[in-house]
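This report describes selected elements of the structure shown below.

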Amino acid sequence: MQLSDFDYHLPEDLIAVRPVRPRSAARLLVASGDDLSDAHVGDLPEWLRPGDRLILNDTRVIPARLSGLRRRSGAQGDTEARIEVTLLEPRSDGAWSALIKPLKKLREGEVVTFSDQLSATLIAKEDGQGALEFNLTGDDFDAALAEAGAMPLPPYIAARRAADAADKDDYQTVWARHAGAVAAPTASLHFDAPLLDALGARGVAFTHVTLHVGAGTFLPVKVEDVTTHKMHAEWGEVTGKAAAEIAATRAAGGRIIPVGTTALRLIESAARATGAIQPWQGETDIFIYPGFEFRVTDALMTNFHLPKSTLMMLVSALMGQDAVRRIYAHAVDNRYRFFSYGDASLLIPR
């Protein structure tokens, strides 16, 4: 398998920079075996069966993008520099790993001020990243970050427009619960209360799991032999209750359908040790590409992914590479909207 096997041509004007409203008005391309059907997310109850179970990632995206000032006094007088920060993850010592631009303009021990309430000291530089120690912790930190931070929109949106107040709702699922992600589980952004009610009335069940999506989800694959690519690690948890619900649904003949690749990667991680779903907690760097044996997943709802990405490899593993080429060609020809704020697909293998 070569990286070029997962490429396709995407007209730039099909990259969505805003979601549609209401959320469930987004289009839905249903691929069931060889059949393709054009629908809308609001039609999802018609495509699911009583007894099916949707797996929902309840991570909460933090407003991880910060803009601040570094002030310095020296022989040339007082100077300042604008410092842009994207938080990545908390460290065991209480500091945060972060992408800092420009990192070279910040020295260890210097302070960056983000607001009247929030500031951070650079305590280390490692592997092109910085470690920041904030002046606040706990609820005080969360409140100040909510005030000063912006949602960490994906690079292909951020290059076209800045994050704004609307993104604090748009880039968050309606069931977001556990703070820690710096990217949204984007297939889940299509769900709203009326759709959840309609699915429940259809007899579809829901199970919540948690995978804190990291910025590494946007890292490009740089090797031509995709099997040698090393995945980033992300923290996740499948509780005992969640594992029991999934196992009971499978035993009863219902289908397990993750909403988004993050939920899929997590439940497949939880099944790797024994081949069956188990309670699980930890960091996963599972890499799913053609040839992968799915232990839990029966179908997948997901958005349309970047060319040459690990997520293109994941959907190709589920549906087959030829099928994915047809699906994406149909989506492009019919002007579906792509990527995080774009439309969705429901992928049901033979």
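A residue is called buried if its relative accessible area is under 20%, exposed if over 50%, and partly exposed in between, with a 1.4 Å probe and protein chains only. The model is predicted: local features require pLDDT of at least 70 and side-chain atom pairs count only at pLDDT 80 or more, whereas totals for chains, interfaces and linings use all residues. Residues are numbered from 1 along each chain as its sequence is written, and side-chain values use heavy atoms, with hydrogens and water left out.

Helices (H or I, at least four residues) and strands (E, at least two) are DSSP runs numbered from the N terminus; two strands pair if DSSP finds at least two bridges between them. On these terms, six strands form a closed barrel in the order β5-β6-β7-β10-β9-β8, with antiparallel pairing. Neighbouring strands of this sheet are turned against each other by 45° on average, direction ignored. Two strand pairs are set out here.

| Strand pair | Sense | Bridges | Bridge partners |
|---|---|---|---|
| β5 (residues 65-74) and β8 (residues 111-113) | antiparallel | two | Leu 69 and Thr 113 |
| β16 (residues 300-303) and β17 (residues 344-348) | antiparallel | four | Leu 300 and Leu 347 |

Helix α2 (residues 138-148) lies across β5, β6, β7 and β10, and runs at about 95° to β5. Such axes are lines fitted to C-alpha atoms, for helices over the stretch in contact, with angles from 0 to 180 degrees between N-to-C directions.

Strand β16 is covered on both faces: Leu 300 and Thr 302 are buried on one side, Met 301 and Asn 303 on the other. Helix α7 (residues 261-270) is largely enclosed by the rest of the structure, because ten of its ten residues are buried. Among them are Arg 265 and Glu 268.

Met 319 belongs to helix α8 (residues 310-319) and counts as buried because its relative accessibility is 11%. Leaving aside residues up to four places away in sequence, Met 319 touches Ala 31, Gly 33, Val 324, Ile 327, Leu 347, Ile 348 and Pro 349, where contact means heavy atoms within 4.5 Å.

The axes of α8 and helix α9 (residues 321-333) come within 7 Å and cross at roughly 115°. In this contact, Met 312, Val 315, Ser 316 and Met 319 of α8 meet Gln 321, Ala 323, Val 324, Ile 327 and Tyr 328 of α9. By class, the contact of α8 with α9 comprises seven nonpolar, two polar and no charged residues. Ala, Val, Leu, Ile, Met, Phe, Trp, Tyr, Cys and Pro count as nonpolar, Asp, Glu, Lys and Arg as charged, and the others, Gly among them, as polar.
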